[in-house]
Amino acid sequence: MRYLTTIIFILFVIQIQSQNQPWKGKFEPIDNLLSPVNSYRTASGAPGNAYWQQRADYKIKATINEKDNTLSGEETITYYNNSPDDLNYLWIQLEQNVNKKENEDFGTINNSLKDGINTRQMQFLTRAVDFPAGYTIKYIKGSNGKPIKSLVNNTMMKVLLDIPLKSGTSLTFSIGWSYPITDRSLYRLSREGYEYFPKDDNTVFLIAHWFPRMAVYNDTEGWQNQQFQKLGEFALEFGDYDVEITVPSDHIVASTGELQNPDNVLTKQQRKRLNEAKKSFDKPVIIISKEEAEENEQEKSKTIKTWHYTAKNVRDFAFASSRKFMWDAQAVKLPTNTVMAMSYYPKEGLPVWQEESTKSIMHALEVYSEATFDYPYPVCISVNTSNIGMEFPMISFNGGRPKNGKMSKSAKASMIGTIIHEVGHNWFPMIVSSDERKWMWMDEGLNTFLHQRTVAERYPEFSSVTPKSIVPFMSGDKNILRPIMTTSDNELFNQFGSNFYIKPTVGLQMLRHSIIGEELFDAAFKEYANRWKYKHPNPSDLFRTLEDATATDLDWFYRGWFFTTDNVDMELSNVKWFKVYEEDKNIEDQTKSSQVAAEGNNTSEASKDFSDGPEVITMAKTPDNSYGQFLSRLDENTIRKQLSGKNLYEVTIKNVGGLVMPVTIEWIFTDGSSEIDKLPAQIWRRNEYEVKEVFIKDKEVKTVNLDPNFEFSDTDMSNNVFPKSTTISEFNTFKNKK
């Protein structure tokens, strides 16, 4: 044992250490990284009193020609200029042009040759089998019938107005168009198109980003007319839709909106079953059975019929059409709305789609509604397809099919997770309408956060994302990694899932469980969702709302987690054990400590373990001049009495990874019991690289662990324990056995 003479003023105090590495300002405000506040967007993260956004209403008549797989349509757009600006021109999105042969982005994802490349990969890269794609714009004309000039730049069309569209006014104009529906198997990231089933010579049409639609004009960047390059998805205005869809008479159409003419397109039996489903809250009702769908597959009708749908206050519209569809439906009761959950699938989806799809919709509707706001629309649809999950208002296209009627547990979990995820997109971004083209993480990250929460709560037998899930990604090469705050199309294809889906999810999990607390976080997250439903939030609005609604400074967290590629790696560098010298006790130990001190042991050296026992420290009486102008004095005897027999532990923690986080310390005592201490992230404010903290324990400690429950995605847990654990290599283990 050793003597160390010290004056102790305050216990449980952070020892201020000199920082000998560059100060990074990790706790400085991030105002310079956020969009400035103004009358449109407030410093609290809420829409301002002058907030505005545009609106576009659509009337569309569209026809699928099954013979040549083309879609043609005529649409009338009424565009409302609610901005304070007069507009000399409008921008319209033509996303189907992304598949045109001359598009510069075809083949640019994973664009490298290698020996043994398969034929489908080669098709993705070279377009060896060519296919027609892209719009033919037949006309653009005003409400007076006169032509309107336009200019097309790849996936954007500029509509040139003869007279500026004044602030506070509206414009009605019409567009005629057509395009070849593409075979989804011929190119990568095929969110829409057709899927051909050669066995029965039938097709499932998934029709999305199919009509020319208004680009967003907003207060932060004017026109959002960034080209569609497939990875960054969509930015869209809200509006009302009146859509007539003409298809072969034996097709069934699943669509955004409410069906207006069931008597014209559904059989009497189908209408009866659908009415039964509206009263069935415990299980789905089969609207079209397997046998009926198989019979329908054989007809190949030469006649047509028109399905009429309307949708209120949505930002997009999509539909699916096929004679192969089976169909089931069930009512889901929410506090303020009753929703029809419905699934459409070919027989190739049996049996799991009939067993699980509509049930998955129900679970998503319930969990998401509780976490944000009740699902406001009348229907929520899941359509089975191959290889993808893709979302639109009230309808989603979801992959996952059994092989020979069987599906592994992991494949089933993936299918259910896909359905939950795509249904969840109805909240983010279909209602809380962020800009996917620019910030993929704002919808994918927030949606994955609630998607994983739904899986954890409703399907505990399946694995779900936890802070440990992101460790392999955050341990990666910093020369390749990009921050979350990277625009959608500038991320690498092989890591956008980790960076825009999983990392934001884990960040929100840490805020909820370990930094803010569940009750306060949940209320703040709900506040954000309700502030910005049917509006266009930016990252700054989310960041500010979470701080505003929790009274928690999170700038340090946003800076590190969203704006850098730093990782969490906290090292438990040293733990020192002390006891306070007591004059009438520990005489034998104190003699030993004198001997240790005489041998010249240096107390500044790092301890290896607790085997040498505690260092003994003397606590001197506080001199009067240390009190300054205070006239009162501490009760010296009370302080000594409170510390009598106690164990003091000085813990040194190093920030190896660069990302500051709160610290959770687990103490395992010699009697086998344990306890947890938590320190806030603010302990790193004065020294961003190393901190020391002193703790008092009644019992003697055997082992100390950092982050024992893996709350903070620490990328190296081997340095989180004291005494240090020794890892024996396989070779040395083999030698020892020999």
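**Exercise 1. Describe how helix H5 packs against helix H6 in this predicted model.**

Solution. Start with the axes: H5 and H6 (residues 409-424) pack at an angle of about 45 degrees, and their axes lie 9 Å apart. Because of this angle, H5 is oblique to H6; angles under 35 degrees would count as roughly parallel. Next, take the handedness: H5 and H6 cross in a right-handed manner.

Then list the residues that meet. H5 contributes Val352, Trp353, Glu356, Ser357, Ser360, Ile361, Ala364 and Tyr368. From H6 come Lys412, Met415, Ile416, Ile419, Ile420, Val423 and Gly424. Finally, sort the residues of this H5 and H6 contact by class: 10 are nonpolar, three polar and two charged.

**Exercise 2. Determine how H5 crosses helix H7, and which residues make the contact.**

Solution. The axes of H5 (residues 352-371) and H7 (residues 440-458) come within 10 Å, crossing at roughly 120 degrees. H5 is therefore oblique to H7, since the roughly perpendicular range is 65 to 115 degrees. The crossing of H5 past H7 is right-handed.

On the H5 side, the contact is made by His363, Ala364, Glu366, Val367, Tyr368 and Ala371. On the H7 side, it is made by Asn447, Leu450, His451, Arg453, Thr454, Glu457 and Arg458. The classes in the contact of H5 with H7 are five nonpolar, four polar and four charged residues.

**Exercise 3. State whether His451 is buried or exposed, and identify the residues it touches.**

Solution. First locate the residue: His451 belongs to helix H7. Its relative accessible area is 10%, so His451 is buried, the cut-off being under 20%. Now look for neighbours, leaving aside residues up to four places away in sequence: His451 touches Tyr368, Gly417, Ile420 and His421. Of these, Tyr368 is one of the H5 residues that meet H6, and Ile420 is one of the H6 residues in that contact.

**Exercise 4. Work out which residues of helix H4 are buried, which are exposed, and what covers the buried ones.**

Solution. Within H4 (residues 290-297), the buried residues are Ala293, Asn296 and Glu297. These residues span an arc of only 105 degrees around the axis, and therefore sit on the same side of H4.

**Exercise 5. Characterise the surroundings of Ser255.**

Solution. Ser255 is part of strand S15 (residues 252-255). With a relative accessibility of 1%, Ser255 counts as buried. Not counting residues up to four places away in sequence, Ser255 touches Ile245, Tyr309, Phe317, Ala318, Phe319, Ile381 and Ile395. By comparison, Asp31 is 224 residues from Ser255 along the chain, and their C-alpha atoms are separated by 43 Å.

**Exercise 6. Summarise the protein as a whole.**

Solution. Count the elements: the protein has 15 helices and 32 strands. For its extent, the C-alpha atoms fill a box of roughly 105 × 65 × 55 Å along the principal axes. Of the 738 residues, 54% are buried. Among contacts between residues at least 6 apart in sequence, 77% join residues at least 24 apart.

Key. Residues are numbered from 1 along each chain as its sequence is written. This is a predicted model: local features need pLDDT of at least 70, side-chain atom pairs count only at pLDDT 80 or more; totals for chains, interfaces and linings use all residues. Side-chain values use heavy atoms; hydrogens and water are left out. Axes are lines fitted to C-alpha atoms, for helices over the stretch in contact, and angles run from 0 to 180 degrees between N-to-C directions. Helices (H or I, at least four residues) and strands (E, at least two) are DSSP runs, numbered from the N terminus. Angles under 35 degrees count as roughly parallel, over 145 as roughly antiparallel, 65 to 115 as roughly perpendicular and the rest as oblique. A crossing is left-handed if the near helix is turned anticlockwise from the far one by less than a right angle, and right-handed if clockwise. Contact means heavy atoms within 4.5 Å. Ala, Val, Leu, Ile, Met, Phe, Trp, Tyr, Cys and Pro count as nonpolar, Asp, Glu, Lys and Arg as charged, and the others, Gly among them, as polar. Buried means under 20% relative accessible area, exposed over 50%, partly exposed in between (1.4 Å probe, protein chains only). The arc is that of the directions from the helix axis to the C-beta atoms.
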